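Please open the model in your viewer and keep the sequence panel at hand.

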Amino acid sequence: MSDRFRTLLKKVGSGTHTSAALTREEAAEALRMMLHQEATPVQVGAFLIAHRIRRPTGEELAGMLDVYAELGPHLTNAVRPPMILTHPYDGRSRTVPMTILTGLILSAAGVPTILHGGDRMPTKEGICLHEIWQQLGINWEGISLIRMQEIFQTTDLGFIHLPTHFPLAMNLVGPRREIGKRPPIATLELMWSPYLGDATIACGYVHPPTESMFRTALELRNQRQFITVKGLEGSCDLPRDRTCIIGINRPSIDNPETSTFERLLLHPHDYGYGGKEVPLNSLDELINNIKAVLEGEPGELMQAAIWNGGFYLWCAGVCSDIETGLKHAQELLTQGMVAQKLKAIA
């Protein structure tokens with residue numbers, strides 16, 4: 001048992017009237033001790049559930065991001081600041097994930113793009129990005145970080161596979177499964193950038209207070225370029241059946257050392273891309289539908305791919321406006337350039 005960790009646990013787990021937020025440094029210390037297994041399994045589980053009940057602060061999440069930056073893997077040396085597309089590690093169960101298609105569209109347009117995730121993860125245990133990649137012919141498991149860096153520089157697309165590239169983080173999967181609730185670390189994963197240098201991070205969320213945590217944590221870490229999306233199942237995938245609630249944080253034009261946050265409400269029907277979300281029925285059906293999109297076949301999933309790809313092409317600065325981005329995304333898909341990108345990675 002760690003006496004020091006017990007002190008940190010008592011601070012966050014003392015109840016409604018006496019618990020207190022950790023400082024940035026204390027939150028970093030607590031996560032570091034959990035990753036290195038210096039805290040016992042009982043202490044880890046108690047901390048995760050107590051922290052969830054009290055809710056993390058942006059400052060605490062900034063401290064935890066400090067630890068991921070310190071101990072986690074990094075890709076580097078992109079030709080331009082990459083786009084980091086985040087996705088809940090516990091996967092999807094209701095709607096088709098667009099993140100991989102979006103990443104392929106961006107990389108086909110010359111935008112370095114990084115995704116990250118693990119295998120099936122609690123609490124949802126939904127379909128994860130890694131198994132979709134596997135069914136598309138790419139198995140990231142066991143690929144060294146050195147080799148991943150080569151793939152990233154060659155193809156403009158990289159995937160950080162948690163069990164392979166960040167095994168320390170896997171030490172918390174067991175406790176997450178046993179407590180049965182999504183802990184604050186799941187929020188951390190939605191704004192983690194495994195890139196050494198400037199990047200744009202696309203962060204998805206479900207509950208509005210989470211966006212405020214994102215903003216505080218990322219601003220404390222001097223992350224000036226990020227996007228927040230009230231996306232599908234907490235991902236950064238844009239919905240088509242409702243207004244897209246988006247926040248875009250950019251460096252200020254007058255003073256690059258500061259940043260400005262802009263609220264953007266996008267109505268898919270205004271651009272001709274409104275419609276029902278594509279349901280996720282099975283992995284086999286999902287893969288067949290993704291392959292159809294890569295072959296340029298029209299359909300609801302093609303519409304969703306263009307909607308997401310066009311938006312992020314605009315965010316990446318490839319296109320001057322969203323309409324141009326949508327047109328470019330459609331061309332990349334129907335002319336086979338996205339399919340060629342997948343083959344190049346494989």
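Two strands are said to pair if DSSP finds at least two bridges between them. The model to which this is applied here is a predicted one.

**First selection: strands E1 and E4.** Select residues 83-85, which form strand E1, together with E4; the two run parallel and are joined by three bridges. Within this pair, Leu85 is found opposite Ala202 of E4.

**Next selection: strand E5 and helix H12.** Between E4 and E5 the chain passes through helix H12, residues 208-220, in a right-handed β-α-β crossover.

**Next selection: the cysteines.** How many disulfides does the structure hold? The count is zero. A disulfide would require two cysteine sulfur atoms within 2.5 Å. The closest cysteine sulfur to that of Cys203 belongs to Cys236 and lies 8.2 Å away, too far for a bond. Cys203 is buried, with a relative accessible area of 0%. For Cys319, the closest cysteine sulfur is that of Cys315, at 11 Å, again too far for a bond. Cys319 is also buried, with a relative accessible area of 8%.

**Next selection: the nonpolar core.** The largest nonpolar core comprises 114 residues, and those with the most contacts inside it include Leu31, Trp133, Ile246 and Phe311. Helix H14, residues 300-315, supplies the largest share of this core, eleven residues. Centre the view on Leu31: leaving aside residues up to four places away in sequence, Leu31 touches Met64, Val67, Tyr68, Leu172, Ile185 and Leu188.

**Final selection: the whole chain.** The secondary structure comprises 16 helices and seven strands. The radius of gyration is 20 Å, close to the 20 Å given by the globule rule for 346 residues, so the chain is as compact as a globular protein of that length. Along the principal axes, the C-alpha atoms fill a box of roughly 60 × 45 × 40 Å. Of the 346 residues in the chain, 55% are buried.

Conventions: Residues numbered from 1 in each chain as written. Predicted model: local features only at pLDDT ≥ 70, side-chain atom pairs only at ≥ 80, totals over all residues. Heavy atoms only, no water. Helix = DSSP H or I, 4+ residues; strand = E, 2+ residues; numbered from the N terminus. Right-handed = clockwise from strand over helix to strand, strands pointing away. Buried < 20%, exposed > 50% of the residue type's maximum accessible area, 1.4 Å probe, protein only. Core = buried A, V, L, I, M, F, W, Y, C linked by side-chain atoms within 4.5 Å. Contact = heavy atoms within 4.5 Å. Rg over C-alpha atoms; globule rule 2.2 N^0.38 Å.
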